[in-house]
Amino acid sequence: MDQTRAGEIAKDAAEEASKTANEAAKRVGEQVQSAVDQGKSAVQDLANQASEVGGQAIDRAGEFIEGVAPQARQVASDLYDRGSRSGEYIRQYAAQEPLTAMLVAGVIGFALGYLIRGR
């Protein structure tokens with residue numbers, strides 16, 4: 001009888017230990033799940049912030065380009081006009097002073113030839 005009673009006590013103790021271990025595992029699992037959920041939330045917040053900052057940077061870059069584009073167009077137009085006027089001035093000068101224009105062109109050609117030949 002003592003052995004039967006001891007077996008029942010051991011069986012009851014094993015069942016109680018099993019229940020306690022299961023409950024402890026369940027509590028740990030809940031705590032881990034809570035920590036994982038908090039981690040997910042933190043990562044999602046960081047991702048949202050990074051996305052927002054990236055969007056703001058793109059918006060600012062677009063605004064900068066929109067502000068600079070008209071100025072760049074104006075500068076290009078001014079340079080083209082100045083180049084056209086310079087060409088016209090040179091043509092008029094060459095027509096009025098052909099000998100001087102030929103001498104200047106010859107000196108420029110000689111200087112370029114000397115520089116190229118020196119290499």
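I began with the surface, where V104, I108, F110, L112, Y114, L115 and I116 make a nonpolar patch of about 810 Å². For such a patch I took residues with over 30% relative accessible area and no salt bridge, joining nonpolar side chains (Val, Leu, Ile, Met, Phe, Trp, Tyr) within 5 Å and like charges within 9 Å. Accessible areas come from the Shrake-Rupley method with a 1.4 Å probe, and for residues only the protein chains shown count as cover.

I noted that this is a predicted model, in which local features need pLDDT of at least 70 and side-chain atom pairs count only at pLDDT 80 or more, while totals for chains, interfaces and linings use all residues. Residues are numbered from 1 along each chain as its sequence is written, and side-chain values use heavy atoms, with hydrogens and water left out.

Next I looked up I116, one of the patch residues, and found it in helix α2 (residues 98-117). I116 is exposed, with a relative accessible area of 65%; here exposed means over 50%, buried under 20%, and partly exposed in between (1.4 Å probe, protein chains only).

Of the 119 residues, 0% count as buried, and the accessible surface comes to about 10,700 Å², of which 60% belongs to carbon and sulfur atoms.

I then checked the overall dimensions: the C-alpha atoms fill a box of roughly 140 × 40 × 10 Å along the principal axes. The radius of gyration is 44 Å, whereas a compact globule of 119 residues would have one near 14 Å; the radius is taken over C-alpha atoms, and the globule rule is 2.2 Å times the number of residues to the power 0.38.

Turning to charge, I found 13 positive and 17 negative side chains, with the centres of the two sets 11 Å apart. Lys and Arg count as positive and Asp and Glu as negative, without His and the chain ends, and each charge is placed at NZ of Lys, CZ of Arg, CG of Asp or CD of Glu. D12, E15, E16 and E23 form a negative surface patch; D12 lies in helix α1 and is partly exposed at 46% relative accessibility.

I looked for salt bridges (a side-chain nitrogen of Lys or Arg within 4 Å of a carboxyl oxygen of Asp or Glu), and the count came to 1. This salt bridge joins the side chains of E88 and R91 at 2.6 Å, N to O. E88 and R91 are 3 residues apart in helix α1 (residues 2-96), so about one helical turn separates them. E88 is partly exposed at 36%, whereas R91 is exposed at 53%.

Notes
Helix = DSSP H or I, 4+ residues; strand = E, 2+ residues; numbered from the N terminus.
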